[in-house]
Amino acid sequence: MTSAATAIDPARKSLLWLVAIGFFMQTLDATIINTALPAMAASLGESPLRMQSVVVAYALTMAMLIPASGWIADRFGTRRVFFSAIVLFVVGSVLCALSVGVGQLVAARVVQGLGGALLLPVGRLTLLRTVPRGEFLQAMSFVAIPGLIGPLLGPTLGGWLVQYASWHWIFLINVPVGLAGCLATLRFMPDLRGAIQRRFDGAGYAMLAFGMVAISLALDGVSGAGLRQVSVLLLLVFGFASVVAYWLHAARRPEPLFSPSLFGVPTLSIGLLGNLFSRLGSSCMPFMVPLLLQVSLGYSPLRAGLMMLPIALAGMAMKRFATPLITRHGYRKVLVANTALVGLAMGSFGLTGPDQPAALHILQLLAFGAVNSLQFTAMNTITLKDLDGSMASSGNSLLSMVQMLAMSLGVAAASAVLAGYNGVFGLETAKQTLDAFQATFATMGLVTIASALIFWHLPAEVRAAHPAQPEVSGQG
């Protein structure tokens, strides 16, 4: 990381480090909680198979706030918004640690998500306005590195803290980092505002946000959140109606949040749909795998966290092969074939059993990490590849929103499928619970394989003409 920073203007190093640390806090918190869920469930008197709301609340809050992040920064200034984001994140972390029930914990995760949603977009916007174009790619590469370290460190650190301290510390460790970030923000973050204060599309934002929340709550209700079937149906109907109403509204408004004209770019529309549906399957894995290892196979939190390392390591190693593969075979062939491989890798966890050697577990995790990393790189790059300058910011925000929404929906959908199979197989014995997990992995793998059909509609001749852009969304 230091070598990348030395070539950048020294006056900007402090700002780069500040944005990078904010990104690290966000990605670490998104992954550290997964291995702690069974311990948290035991402490709060809840089933570990019904803790998905803790993950969904954070991801959904981020998805909701991302569309408004640019306008908020333009209106109130980057320094004030970045400072407020860190404060919200720290306050949410403390509230999480003080929670004595699942409802309180979910509410605290919403507060945390409000802060986390602003850290990367506002930091990236600041760099976009202060770093010369010739240095921007290098600056973004520097900031992207913590996005890879966070998922690498998160599950293991979470497992270690749960096993040797308590689950509360996975949130409390954010406090000293956040306080240091607040001081650094006051000193190093420039106070930038938009040159033109455009009017915020409040009505459109309300429709889009309500639609995302309603659909996610409906899926969460199916998995056992206490909602009756009629409520779930109503939430789905109103959720989809709200999303449709937003696009009808956007077609008539001169400056909507996301213009329907974006979907006139074929690679963007296919890339967004592919992102949504393929991530709908694969986004559940960081949530499901630690649960499987601890609930059905009896792994300790630390061991379960260590078992997630192969996914992150294989993902980092695969980055260097993405561009040569896409350049040689084209986006369509790579994404169609690789999406199927991601689904097969997920489905292979349906064969997991208590007698399976640890080496085979590691091989499964390595395989999934490698193909999933290639998937994210290819999907993100093809989605933004053909956007011109006037559409780049809006398209990037839309992609970030879709990524977080897919994470929320993926966890909620997998939990709903798991709850359904628990009803089929029962919960009386460990064997029945394992059967439900195996069937869930197979089902979510099939969902991912089906999404390969979306990428088949990409033009066959589209290839990577330039090195793939650094991924700074935190999701790939």
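Which helix is the place of Thr126? Select Thr126 and you land in helix α6, residues 102–130. Helices here are DSSP runs of H or I with at least four residues, strands are runs of E with at least two, and both are numbered from the N terminus.

Before moving on, a word on the model. It is predicted, so local features need pLDDT of at least 70 and side-chain atom pairs pLDDT 80 or more, while totals for chains, interfaces and linings use all residues. Residues are numbered from 1 along each chain as its sequence is written, and side-chain values use heavy atoms, with hydrogens and water left out.

**Stop 1: around Thr126.** Thr126 is buried, at 0% relative accessible area; buried means under 20%, exposed over 50%, and partly exposed in between, with a 1.4 Å probe and protein chains only. Show the backbone oxygen of Val122: a polar side-chain atom of Thr126 lies 2.8 Å from it. Beyond the neighbours within four places in sequence, Thr126 is in contact (heavy atoms within 4.5 Å) with Leu15, Thr78, Met189, Pro190 and Leu192.

Stop 2: A salt bridge here is a side-chain nitrogen of Lys or Arg within 4 Å of a carboxyl oxygen of Asp or Glu.

**Stop 3: Asp201 and Arg253.** Next, select Asp201 and Arg253, whose side chains meet in a salt bridge at 3.4 Å, N to O. Asp201 is in the loop between α9 and α10 and Arg253 in the loop between α11 and α12, so the pair ties together parts 52 residues apart in sequence. Asp201 is buried at 2%, whereas Arg253 is partly exposed at 24%.

**Stop 4: Asp435 and Lys431.** Now go to helix α18 (residues 430–450), where these two are four residues apart and so separated by about one helical turn. Asp435 counts as buried at 17%; Lys431 is exposed at 52%.

**Last stop: Leu234.** Leu234 is found in helix α11 and counts as partly exposed at 46%.

Finally, zoom out to the whole protein.

Notes:
A polar contact is a pair of N or O atoms within 3.5 Å; within protein, one must be able to donate a hydrogen and the other to accept it, and residues adjacent in sequence count only if both atoms are side-chain atoms.
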